[in-house]
Amino acid sequence: MAKHVLPDNFAHPRYWPTWLAIGLMRLGAWLPWRLKMAVGRLIGLCAWRFARSRRRITETNLALCFPELSEEERSRLVRETFIANGKGILETATGWCRDPEHLRHRVTFKGEEHMTQALAQGKGALIIGVHFSTLDLGGALHSLFFPADVVYRAHDNPLFERFMTRARRRIFGRAIDRHDLRGVVRRIKEGHAVWYSPDQDFGRDASVFAPFFGVEAATLKLTAKIARMTGAPVMPLIFHRNPGDETYTLEYLPALENFPSGDDIADATRINGLIEDAIRRHPEQYLWLHRRFKTRPRGEASLYSK
């Protein structure tokens, strides 16, 4: 049976909900800031109450990663996570639809000297990002200080994919599909910085198992591979929404030394440790709604069973 392909005619009724979503994002991007955060909070609370499968995934992730918390503390963190990710929808809309310049007064950038020193080597740079709820707004804010390309996962909906890619190309120098390893390597070798977030589960074949919050997690080998193929400095980037929801902080840490080491598991463990440290600063802002521990070592049962 032939694979069903969506039509290219975006006027088709099946795309009307997508057009509505795009329209709402454009509208949300222009709301006054406090109203924007209030709407995001409401979206998050609605998702917390009604998106039961995502809430169960979040509860499982937080139970695995924060066993030291009481049940009441974890329940509160689950709720705060949904609120933060609801605000993230409006922040994403703002990053995609507004000129980043209007946000300059809202951002503090630390560690700029680390990136300046890295780029001065003339080898480009591999930026290690994290899937915080502020991810796309963080990209827009970053563009005020340093140009960069971004590695992304294509969206299944072709209309939303077009909208998302066009928005990211306005923020970043180039949006590179995550399957295009040659494109990533080529851009870095040409002296560009490429933003790459290696903290999701892309399956057994692309990964090694390394601890993440003390739990064995399928962790991409690609980080070390790109660093080895390019010789580029690897730059950890941390970003978060500050208390009060009015401002943001981006911070570069120094380039990783002796990376890659040649040991895939040791390198993956090191990257996971950096990401874990970043998450612990503001754990509610991380994307706990995705199944980070989906792929398990052979013979181990799923951690997300009902």
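**Close-up 1. The R187–E190 pair.** R187 is buried, its relative accessible area being 10% (buried means under 20% relative accessible area, exposed over 50%, and partly exposed in between, with a 1.4 Å probe and protein chains only). E190 is partly exposed, with a value of 49%. The two residues form a salt bridge in which the closest N and O atoms are 3.7 Å apart (a salt bridge is a side-chain nitrogen of Lys or Arg within 4 Å of a carboxyl oxygen of Asp or Glu). The structure holds 13 salt bridges. This is a predicted model, in which local features need pLDDT of at least 70 and side-chain atom pairs count only at pLDDT 80 or more, while totals for chains, interfaces and linings use all residues. Residues are numbered from 1 along each chain as its sequence is written, and side-chain values use heavy atoms, with hydrogens and water left out.

**Close-up 2. The R34–E246 salt bridge.** The side chains of R34 and E246 meet in a salt bridge, at 3.5 Å from N to O. This pair links distant parts of the chain, 212 residues apart: R34 lies in helix α2, and E246 in the loop between β8 (234–241) and β9 (248–252) (helices, H or I with at least four residues, and strands, E with at least two, are DSSP runs numbered from the N terminus). R34 is exposed, with a relative accessible area of 69%, whereas E246 counts as partly exposed at 28%.

**Close-up 3. The D136–R168 salt bridge.** The side chains of D136 and R168 meet in a salt bridge at 3.0 Å, N to O. The pair links distant parts of the chain, with D136 in helix α6 (residues 135–142) and R168 in helix α7 (residues 158–171), 32 residues apart. D136 is buried at 9% relative accessible area, and R168 counts as buried at 11%.

Close-up 4. K36 is found in helix α2, which spans residues 33–50. K36 is buried yet has no salt bridge. The nearest side chain of opposite charge, that of E91, is 9.0 Å away (Lys and Arg count as positive, Asp and Glu as negative; His and the chain ends are not counted). Leaving out residues up to four places away in sequence, K36 touches G28, A29, L31, L90 and T94 (contact means heavy atoms within 4.5 Å).
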